[in-house]
Amino acid sequence: MEKRHTLHDIPLFGKLSPTELKLITDISRTKRYKKNQIIFLEGEAYVGFYIVLSGGVKVYKLNGDGDEIVLHELSPFRSFAESSLFSGSRFYTSCAQALEDSTLLYVPSTEFALLLGKNPALAIRVSEAFAVRLMELNQRIDQLASSVEGRVARYLLNEIQLNNSVKLPEPFFNLMIPKKDLAGHLGIASETLSRTLRKLKEDKIIREVSKKIFVTNLKKLRELTQE
């Protein structure tokens, strides 16, 4: 039987009681967005955070060349844009866009802050959960700050592990997403990804057959993840 998700599945609210969850839903409202519709842009006035109820959302930044650096691609019952609430920023620090027709739960920042101020126990539990979320965000930022080859190598290594093929003579996985989307996920330009993959092939670390990527030198790939 398919698991029925609730607000308890949201890391930020996982430790809250049903009564406390109702306090939050009472101040929130649902919003619907069409595929590719912008939810907010970096630099816009911060008014609240969101929870994906259905559909999907991309959270990203734009670099100096206008290329997208994808920070997260969020599925239902994941929250986003909550960091500005806790950091005190008056502006959104990234952009968000619907990947498909989506329904979001919008939690206004002013009402949420007042609610936490009136309920110290609730504030403590939410703050504890946010600390864990902040660690995840910092790990993602560290990943984006690493070398391009290291980023690509980490992705390849993770994919062959997920494919349970790491013990094969040539570990492999099926590349299920377009390379343009993969580049955005890794926070690099499409041309940079193509150059990096080409270099890995020239160095005989990987080879490609159709949509399959084979790792021909696992030791060297692991060394690249340390860069």
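**Entry 1: strand S7**

I began with strand S4 (residues 57–62), which pairs with S7 in the antiparallel sense over four bridges. Strands here are DSSP runs (E, at least two residues), helices are DSSP runs too (H or I, at least four), and both are numbered from the N terminus. Two strands count as paired if DSSP finds at least two bridges between them. Opposite Gln 97 in S7 I found Lys 58.

I then looked up strand S2 (residues 38–40), which runs antiparallel to S7 and is joined to S7 by two bridges. Phe 40 has Ala 96 in S7 as its bridge partner.

Which way do the residues of S7 (residues 95–98) point? Cys 95 and Gln 97 point one way, Ala 96 and Ala 98 the other, and all are buried. Buried means under 20% relative accessible area (1.4 Å probe, protein chains only).

**Entry 2: the source**

I noted that this is a predicted model: local features need pLDDT of at least 70, side-chain atom pairs count only at pLDDT 80 or more, and totals for chains, interfaces and linings use all residues. Residues are numbered from 1 along each chain as its sequence is written, and side-chain values use heavy atoms, without hydrogens and water.

**Entry 3: the cores**

A nonpolar core is a set of buried Ala, Val, Leu, Ile, Met, Phe, Trp, Tyr and Cys residues joined through side-chain atoms within 4.5 Å. The largest has 38 residues, and Phe 13, Ile 39, Phe 49, Tyr 50, Phe 80 and Phe 112 touch the most other members. Helix H4 (residues 120–145) gives the most to this core, with five residues. A second, separate core of 22 residues includes Leu 156 and Ile 213.

Definitions and conventions:
Buried < 20%, exposed > 50% of the residue type's maximum accessible area, 1.4 Å probe, protein only.
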